[in-house]
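This report describes selected features of the fold and the backbone. The sequence and the structure are shown first.

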Amino acid sequence: MARTPPRDSKAANGNTPGKTAAKKPAAKVAQKAHKAPNSAPPSPAQASTDILQLITPEQRESLEALSANLARAAVTAQGAIAEAALRAADRPSALNIDPFHVGPAITEVMGALAAQPDRVMRAQAQLFSSYMELWRNTAARLGPGEPVVPVVEPEKGDRRFRDPEWSSNPMFDMMKQSYLLSSNWLNTLVSETQVADPADKRRVEMYTKLLTDAFSPSNFLMSNPAALRSMIESKGESLLKGVENFAADMERGGGKLAIRQTDMDQFEVGRNVATAPGKVVYQNDLLQLLQFAPSTDQVHEIPLLIFPPWINKYYILDLRPENSMIRWLTAQGFTVFVASWVNPGASLAKKTFDNYLLEGIIDATDQVMKQCGVKTVNTVGYCIGGTLLACALAYLAAKGDDRIASATFFAAQSDFAEAGDLKLFTDDAWLEDLEKQMDTAGGFLPGRSMADTFNVLRSNDLIWSFYVSNYLMGKEPRPFDLLYWNSDQTRMPKALHLAYLRNFYKDNALAAGAMTLGGVKLDMKKIQTPVYIQSSKDDHIAPYRSVYRGAKLFGGPVTFIMAGSGHIAGVINHPAANKYQYWTNDALPATADSWVAQAVEHPGSWWPNWALWLAEKSGPMVAERDPARGKLKPLEDAPGSFVRVKS
């Protein structure tokens with residue numbers, strides 16, 4: 001709204017009639033006002049009007065749109081938080097002042113630090129010195145703009161600070177470097193502290209890393225240049241959309257934040273993922289047995305049966321046709337069967353590891369041999385499916401049963417002494433909490449609980465990156481088949497899951513020779529079956545050193561290889577992608593480090609290397625096998641109904 005000029009414009013403004021102060025530069029208007037100390041200060045409304053006169057209509061329109069969107073975002077956020085609070089009020093109190101059970105470990109680490117005051121003082125002096133250098137550099141950049149060398153740089157692969165303004169803008173650069181100095185200092189101080197229990201130290205290290213990751217300036221709107229720029233350029237629409245995404249995720253999570261990692265509407269099991277043709281030829285309470293259609297006129301006589309982990313769905317092996325392991329294996333002339341595990345509810349709460357051994361591995365191998373008219377079968381176990389397969393081999397060895405001609409292990413552990421950070425979630429306090437959670441759920445572990453645990457282990461990649469993108473910048477998650485599979489969670493029966501965590505992660509009973517399944521004591525050294533063991537260099541779930549320890553337990557011939565990348569990409573690496581590399585070493589020295597030192601690197605996928613090994617164990621070529629014409633009557637088309645059950 002335009003301001004009405006006074007009658008005597010010249011007297012009022014020192015200007016000719018018809019001209020107003022609005023046409024003068026803002027600095028001169030402010031200077032004029034400053035020279036009139038006896039004049040009354042303008043009211044807030046008058047001041048706002050004066051400011052509005054200094055901007056263009058387009059700028060005013062943008063400011064009004066920004067204000068309106070910020071107000072709508074605030075109201076939406078308040079509504080989502082209030083709704084979450086109401087939902088929480090209906091649930092039993094879950095207040096826990098130490099949800100990570102890290103309190104005693106922190107006390108031990110802090111006590112060790114207190115006993116070394118000279119070390120703490122040196123660390124503080126070093127931090128102060130680094131800050132002084134940072135402040136000098138920042139002052140230099142703000143002055144003549146002279147180039148300076150950064151005091152600290154993000155680690156290679158740290159994607160939080162990719163936006164150019166984190167480096168080009170002196171203030172954002174100072175925030176970034178200040179954060180990196182502090183977080184690196186604190187994490188290093190903890191990691192270099194010696195305590196009696198290494199597990200306690202690692203627990204504090206993990207907690208400290210989680211804490212420092214959470215406080216990154218990239219996670220806050222006012223200190224994230226990309227988010228601020230997006231908000232201004234979109235007139236606040238990006239922030240409004242982000243708050244709407246936040247509210248939708250709170251609603252989807254039933255009052256708890258369930259961050260979307262991909263566009264779940266873009267994928268459908270059986271339509272554009274899990275599309276390899278085949279049949280469900282058998283099922284029991286725990287699994288559906290899928291047989292996939294051949295793609296060659298002849299196939300190897302001995303079929304291949306794959307046991308994926310039951311904590312995920314099998315179609316990680318069959319995402320898109322161009323990266324499907326199942327399609328690739330059939331193209332190599334193998335008859336491929338896969339166990340599609342049930343997504344269990346309360347009715348299966350009492351199913352145990354014994355049940356998964358007998359009704360899973362043993363029953364499935366029986367059915368495959370019956371379907372193909374053979375006496376042996378080759379097997380694969382992925383992750384926890386591999387742990388179960390190792391138990392099955394020990395069980396069959398004790399009984400003198402040689403039905404399994406060979407066994408391949410993808411990222412699977414048998415010795416859990418170095419099983420990585422998941423061990424931190426398996427002490428008595430964690431297991432007690434977990435048992436209560438499963439009892440509350442009805443006798444099973446909700447799928448989201450396991451997903452949250454895995455996400456915490458890689459919080460920057462699987463939590464904060466999506467938090468920033470979805471909420472601070474208002475973006476929709478992009479379609480990604482791997483993240484769709486990762487979000488398609490499964491549940492786990494209480495008896496099975498507790499036994500798994502206690503026997504393997506906590507007690508390492510299989511490696512110690514102290515485990516009994518199906519009434520049989522398991523001894524890994526009795527296993528004479530040829531095994532091929534794949535590990536991944538950057539696997540944080542099944543670290544290659546842990547996998548290597550398990551390789552040393554087998555009594556028969558062992559082939560061990562290490563692939564590039566991690567728990568998923570290290571396994572699912574189609575040769576056509578020409579990505580990563582793998583290492584081989586025919587020897588099996590005492591330690592993983594010795595193996596790596598002597599290993600030979602090869603470019604690309606490890607699949608062809610494995611296929612050559614597997615072909616030697618698979619017998620002569622025979623006529624192709626049609627899943628619809630075997631001895632088992634088909635029940636339905638692949639991918640079957642078990643895999644479609646949502647948690």
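Helices (H or I, at least four residues) and strands (E, at least two) are DSSP runs, numbered from the N terminus. On that numbering, Ala411 lies in the loop between strand 7 and helix 15 (428-441). The model is a predicted one.

**Backbone geometry**

Most residues other than glycine have a negative phi, and most peptide bonds are trans. Ala411 has a positive phi, near 45°, although this residue is not a glycine. With a relative accessibility of 1%, Ala411 counts as buried, because the cut-off for that class is under 20%. Ser565, likewise not a glycine, has a positive phi of about 75°. The loop between strand 13 and strand 14 (581-584) holds Ser565. At 17% relative accessibility, Ser565 also falls in the buried class. A cis peptide bond leads from Ala638 to Pro639, with omega near 15°. Pro639 belongs to the segment after strand 17.

The relative accessibilities given in this report are collected below.

| Residue | Relative accessibility | Class |
|---|---|---|
| Ala411 | 1% | buried |
| Ser565 | 17% | buried |
| Leu211 | 37% | partly exposed |

**The sheet**

Strands of a sheet pair through backbone hydrogen bonds, either parallel or antiparallel. In this model, 11 strands form an open sheet with mixed pairing, in the order 15-14-13-12-7-6-4-5-2-1-17. Strand 15 (600-603) and strand 17 stand at its edges; each has a single partner strand, so one side of each is left without a neighbour in the sheet.

Which strand is joined to strand 1 (residues 278-283) by five bridges? The partner is strand 2 (residues 287-292), and the two run antiparallel. Three residues separate strand 1 from strand 2, and the pair forms a hairpin. Within this pairing, Tyr282 stands opposite Leu289 of strand 2. Strand 1 also pairs with strand 17 (residues 636-637), again in the antiparallel sense, over two bridges. There, Lys279 is placed opposite Asp637 of strand 17.

An example of parallel pairing is given by strand 12 and strand 13, which are linked by six bridges. Ser536 has Ala563 in strand 13 as its bridge partner.

**Helix 23 and its cover**

Helix 23 spans residues 607-616, and its buried residues are Trp607, Trp610, Ala611, Trp613 and Leu614. Why do they lie on the same side of helix 23? They cover an arc of only 165° around the axis, which puts them on one side. An α-helix has 3.6 residues a turn, so residues three or four places apart point the same way. The face of helix 23 turned away from the buried side carries Leu612 and Glu616, both exposed.

Several strands of the sheet contribute to the cover over the buried residues of helix 23, including strand 4 (304-307), strand 6 (377-382) and strand 7 (404-410). Strand 12 (531-536) and strand 13 (558-563) are also among the covering elements, as is helix 12 (325-331).

Leu211 counts as partly exposed because its relative accessibility is 37%.

Note on methods: Residues numbered from 1 in each chain as written. Predicted model: local features only at pLDDT ≥ 70, side-chain atom pairs only at ≥ 80, totals over all residues. Heavy atoms only, no water. Buried < 20%, exposed > 50% of the residue type's maximum accessible area, 1.4 Å probe, protein only. Arc of directions from axis to C-beta. Contact = heavy atoms within 4.5 Å. Pairing = 2+ DSSP bridges.
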